[in-house]
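Colleague: Before I plan anything around this protein, I would like to learn how to read a few of its features. Could you take me through them?

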Amino acid sequence: MMFKIFNVLIPLFLFVNISCAQKLKKKTETHGPFREVYYINKKTKFRNGESVTMNTQTKDTLSVGEYLNGRRLGEWTFYKNKTDDKYLVYDFSADSLIYLNHELVADTFLVKTDNGFEVQKVDRPALYLGYYNELLVNLPNDLLTIEHMKKNLEGMLVINYRIDTLGSLSAAKVVMELDRSMAQDIDRTLRKLPGKFLPAVKNGKPVESAFYVRLNIVKLNHPNEIIEAPPKASYIFDVDLKYGVEVRERVIMGPDPSRKSMIGY
């Protein structure tokens, strides 16, 4: 009797798995050298199953995890630039940070105090749950258009964001405007990212914090001209765009844990 039941269950199990597999469609998204391969349910269009992001130039795996009905499920592992160089591990089912490579994050951040926002020592800075520098890697490659270059656009665009104690991102505040469409593109991209933010933690408690996205556009007078990048801080995420007659270059720089300063509102 048990043998007969077993024989019935095997075909049923295979049928269920094949049926589920037939509902899934493999998708690939590419952002510059970064490529994500995942699956969607053909009917609901929600992401389901394994998702892997890699750097196609270095062949390094950047993130590995699974989706269920469009939401991240279970443990996700995120890397910096090497498959064995973990950046963080997060359990989305338990909403818990399992591992963080503290060598890759600053020990200071811009947090709210009675005097405004100041750079202070923290247990953990505010974090975006994604692979290292994912916050800016996905910015559109066409931020600097031919029209911008024809207008000799040059200067700095600075956008301020705040993160509350629950990890919610505030509305964007343009501190230094260079081009409105660029600011809108940056804000739209950050809000479409699949990950979420973790609040900064100070003395064991989540605190309100802030960070800046700084876009620096430089026009090169000579192809081989070298322009020194602006100073970085733990709460500033830099994107350098350089262009000239024969070159257009994009450089993304994460926060610099070694720089300490203070800013208020």
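Predicted model: local features only at pLDDT ≥ 70, side-chain atom pairs only at ≥ 80, totals over all residues.

Colleague: Which residues form a positive surface patch?

Modeller: A patch is made of residues with over 30% relative accessible area and no salt bridge, with like charges joined within 9 Å. Lys and Arg count as positive, Asp and Glu as negative, and His and the chain ends are not counted. Here the positive patch consists of Lys25, Lys27, Lys42 and Lys45.

Colleague: Where is Lys45 placed, and is Lys45 buried or exposed?

Modeller: Buried means under 20% relative accessible area, exposed over 50%, and partly exposed in between, with a 1.4 Å probe and protein chains only. Lys45 counts as exposed because its relative accessibility is 56%. Its place is the loop between strand S2 (34-41) and strand S3 (49-55); strands are DSSP runs of E with at least two residues, helices runs of H or I with at least four, numbered from the N terminus.

Colleague: What is the phi of Lys45?

Modeller: Most residues other than glycine have a negative phi. Lys45 is not a glycine, yet has a positive phi of about 70°. Asn133 is another non-glycine residue with a positive phi, near 70°. Asn133 sits in the loop between strand S10 (127-128) and helix H2 (134-137), and is buried because its relative accessible area is 18%.

Colleague: Which side chain of opposite charge is nearest to Arg72?

Modeller: A salt bridge needs a side-chain nitrogen of Lys or Arg within 4 Å of a carboxyl oxygen of Asp or Glu. Arg72, in strand S5 (residues 71-79), is buried and has no salt bridge; the nearest side chain of opposite charge is Glu134, 4.7 Å away.

Colleague: What does the side chain of Arg72 make a polar contact with?

Modeller: A polar contact is a pair of N or O atoms within 3.5 Å; within protein, one must be able to donate a hydrogen and the other to accept it, and residues adjacent in sequence count only if both atoms are side-chain atoms. The Arg72 side chain makes such a contact with the side chain of Tyr67, at 3.5 Å. A polar atom of the Arg72 side chain also lies 3.3 Å from the backbone oxygen of Leu129.

Colleague: How many residues along the chain separate Val105 and Arg124?

Modeller: They are 19 residues apart, and their C-alpha atoms are separated by 8.0 Å. Val105 lies in the loop between strand S7 (96-100) and strand S8 (108-113), and counts as buried because its relative accessibility is 10%.

Methods. Residues numbered from 1 in each chain as written. Heavy atoms only, no water. Patch = residues over 30% accessible without salt bridge, like charges linked within 9 Å, V, L, I, M, F, W, Y side chains within 5 Å. Areas by Shrake-Rupley, 256 points an atom, 1.4 Å probe, with all protein chains shown as cover. Charge placed at Lys NZ, Arg CZ, Asp CG, Glu CD.
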